[in-house]
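I opened a new notebook page for this model. My plan was to go through it piece by piece and write down what I looked up.

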Amino acid sequence: MWYTPGVPIDPNFERTIQLRIKELLGCRFDGFAGAQPVSFAASHFHLLETEDYFVCEKSDGIRYLMFATNTPKGPATFFVDRKNKVQYIADLKLPLRDTPNKYHHETMMDGELVVDLDRDKKSVRFLVFDLMVINGAVVTQRSLSTRLGMFRQDVIDPLRTALKNDPELAKRQPFTYVIEMERSYGLPKIFLQLPHLKHANDGLIFTPVKLPYSSGTCPKLLKWKPANSNTVDFKINVVWNTERKPRYELLIACNGVHKRYDQLTLEEELAAKWRRDPPNNRIGEFWWDPNWKTTIANDDGYAPVVRAGGWRFQRFRDDKELANDEKVLKKIWNSIQDAVSQEMLEGHCDIIRRGWKEREKPPLPPPLQTSTTPKNPPTTSTTTKTASRDVLQSPASHHSTTSFQELSPTSVQAPTLYRNDNAATSSSSRTRPVPQKRQSKAMLEFILNDSPDPETKRARYE
C-alpha cells in the first residue's frame with residue numbers, strides 16, 4: 001500500500017507496548033495478537049443457522065490493532081501491524097466522553113486500513129470491526145454488539161464532537177472511522193455493495209456475536225472468499241541450478257519454522273521480471289489454478305515432471321514475515337476443494353433469518369400453578385396420595401410430623417414466592433388461606449419482572 005500511517009518508535013518503548021497489549025488480551029504467544037479467521041466451508045452453514053453472526057465485507061487493506069494510551073510525553077495513539085511492529089500516529093488523540101479535556105488510556109480496537117480511490121481523490125479510512133479494551137477495562141468477554149456499541153458511544157461520538165469544535169485538528173486527522181456490519185442474513189445487501197466499493201475487496205467476514213474476542217486462530221470467526229480468491233501465503237525460496245537458471249520453491253510454516261511445500265511455475269513475463277529481481281525470502285499470496293501446468297524439478301537428476309494444477313502468484317505480502325502455518329494451509333485447501341459459492345450463501349439466507357428470529361423470541365413463561373380443593377377431605381391413606389399431588393405444599397409441610405388428616409386443604413402454606421412478606425415471618429401465617437386469584441397475580445408479577453440483564457439490554461446496538 002502506498003500509504004504509511006505512522007512512524008516507527010523507539011525499540012524499547014515498542015517492546016513495552018507489545019508486552020502490554022499481550023497482557024491485556026491474555027495472549028500466550030509472541031507476535032501479532034489479533035484474532036485470525038478460518039476459511040469458510042460448507043460445514044460452517046450450521047453455525048450461521050444456529051448462532052447469531054454479523055457479516056461485513058473483507059477489505060483488501062492492511063490489518064492493524066489500534067492502541068491509544070498515555071505516555072511520558074502525553075496521550076498518544078499507535079498502530080500495531082501483522083509483523084507486530086508499532087507505529088506512532090501523529091495528531092490522533094481520543095478524548096473521553098465525560099471529560100473531553102482528558103484522553104483514553106489503554107483503549108484498543110481491531111480494524112483494517114484501506115485507501116478509497118474516487119477518480120483522482122484518495123481518502124484513507126480505518127474500518128473498525130471490534131473493540132477489545134476501553135480505558136484499561138478488558139471487554140473481550142462481552143458480546144460483539146455490546147463492544148461495537150461501546151466503541152460508538154465512548155470513542156466515535158466524543159471524537160466527532162472534538163473535531164467539530166476544532167476544524168484545524170479535523171483537517172490533520174490521518175483517516176476517518178467506519179463501522180459497516182449487517183446481520184448474517186443481510187449478506188445479499190453486502191454483495192450488492194461490493195461492485196460500488198472504492199477500495200479492493202476479496203470476500204466476506206462472519207463474526208459471531210456472542211463469542212468472546214480471542215487472540216490467534218478462532219474456529220468460529222469465518223472468512224469467505226470466492227473460489228478463485230482463496231489464497232495461501234507462502235514464503236518464496238529461489239534456488240539456482242548449475243546453469244544459473246532459477247527454480248522457485250514455496251515454503252510453508254510449521255511451528256514458526258519454514259519448510260518446503262511445493263514448486264512454482266511462472267508465466268513468461270513474470271518469470272523474466274523475477275529473474276531480474278529475484279524475490280527470495282519474500283512472502284507472496286498465491287491462488288490455486290486446477291488447469292495450470294506446473295513443472296516439478298527432481299533433485300536426483302531425473303527429468304522434470306509436469307503436473308496438472310498449480311499455484312499462481314497474486315501479490316507480495318510485505319506486511320508479513322511468516323508464511324501461513326501448515327494447519328491453516330490444510331483448512332484453506334479443504335475450502336478450495338469444498339468451495340462455497342455466492343449463490344449457495346444467498347440460498348441459505350432464509351434459513352439463517354428464521355433461526356435468528358426464532359432466537360429473538362422471548363422465552364415462554366412457566367405454566368401457572370393452581371391448587372385444587374377437593375370437595376370432601378380424604379380420610380383414607382389411598383386417597384391421601386392422590387390428593388397430595390393436587391395441593392400446593394410448602395417445603396416445611398413435607399417434613400412435618402403432622403398427618404395429612406390434621407390439615408385442611410385451605411390451611412396449606414403457599415410457596416415462599418407467593419406469600420405475603422409479613423405473613424412469612426409469622427408462625428400463624430402458615431395456616432392462612434391463599435386465594436387462587438392472589439396466587440395468579442403474584443405469579444404474573446414475577447414473570448413480568450423477569451427482564452433480561454439491564455446492561456446487555458441497554459448496550460445492544462443493531
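Is Ser 143 buried or exposed? I looked it up: Ser 143 counts as buried because its relative accessibility is 17%. Here buried means under 20% relative accessible area, exposed means over 50%, and partly exposed lies in between, with a 1.4 Å probe and protein chains only.

Ground rules. The model is predicted, so local features need pLDDT of at least 70 and side-chain atom pairs count only at pLDDT 80 or more, while totals for chains, interfaces and linings use all residues. Residues are numbered from 1 along each chain as its sequence is written, and side-chain values use heavy atoms, with hydrogens and water left out.

**Ser 143 and helix H3**

I stayed with Ser 143. It sits in the loop between strand E9 (137–138) and H3. Helices (H or I, at least four residues) and strands (E, at least two) are DSSP runs, numbered from the N terminus. The side chain of Ser 143 makes a polar contact with the side chain of Thr 146, at 2.9 Å. A polar contact is a pair of N or O atoms within 3.5 Å; within protein, one must be able to donate a hydrogen and the other to accept it, and residues adjacent in sequence count only if both atoms are side-chain atoms.

Next I checked the length of H3. Helix H3 covers residues 144–165, which is 22 residues. At 1.5 Å a residue it should span 32 Å, and its end C-alpha atoms are 31 Å apart, which agrees. The expected span is 1.5 Å times one less than the number of residues.

Where does H3 bend? I found the bend at Ile 156, by about 30 degrees. A proline, Pro 158, follows within four residues. The bend is the angle between axes fitted to the seven residues ending at a residue and the seven starting there.

**Helix H9**

I turned to H9, residues 349–360. Its twelve residues reach 16 Å from first C-alpha to last, close to the 16 Å expected. Cys 349, Ile 352, Gly 355 and Trp 356 are buried in H9. Seen down the axis, the buried residues of H9 fall within an arc of 130 degrees, so they line one face of the helix. The arc is that of the directions from the helix axis to the C-beta atoms. An α-helix has 3.6 residues a turn, so residues three or four places apart point the same way. On the other side of H9, I noted that Asp 350 and Arg 354 are exposed.

**The open sheet**

I then traced an open sheet of five strands. Its order is E2-E13-E12-E3-E11, with mixed pairing. Strands E2 (35–39) and E11 (182–183) stand at the edges with a single partner strand each, so one side of each has no neighbour in the sheet. Two strands pair if DSSP finds at least two bridges between them. E3 (residues 53–59) pairs with E11 in the antiparallel sense over two bridges. The bridge partner of Val 55 in E11 is Glu 182.

I also looked just past E2. Phe 40 lies in the loop between E2 and helix H2 (45–50). Phe 40 is buried, at 1% relative accessibility. Its C-alpha atom is separated by 8.4 Å from that of Ile 332, 292 residues apart along the chain.

How many residues of strand E5 are buried? Six of the seven residues of E5 (residues 74–80) are, so the strand is largely enclosed by the rest of the structure. E4 (residues 62–71) pairs with E5 in the antiparallel sense over seven bridges. Asn 70 stands opposite Pro 75 in E5. The hairpin joining E4 to E5 has two residues.

E5 also runs antiparallel to E6 (residues 86–89), joined by four bridges. Phe 78 stands opposite Tyr 88 in E6. Five residues lie between the strands in this hairpin, and among them Asn 84 takes a positive phi near 70 degrees.

I checked two residues in the loop between E6 and strand E7 (107–118), one of them Asp 91. Asp 91 has a positive phi near 60 degrees and is partly exposed, at 34%. Glu 106 lies in the loop between E6 and E7 too. Its phi is positive, about 65 degrees, although Glu 106 is not a glycine. Glu 106 is buried, at 12%.

**Cysteines**

Last, I looked for disulfides, meaning pairs of cysteine sulfur atoms within 2.5 Å. The structure holds zero. Cys 27 is buried, at 7% relative accessibility. Cys 218 is buried, at 7%.
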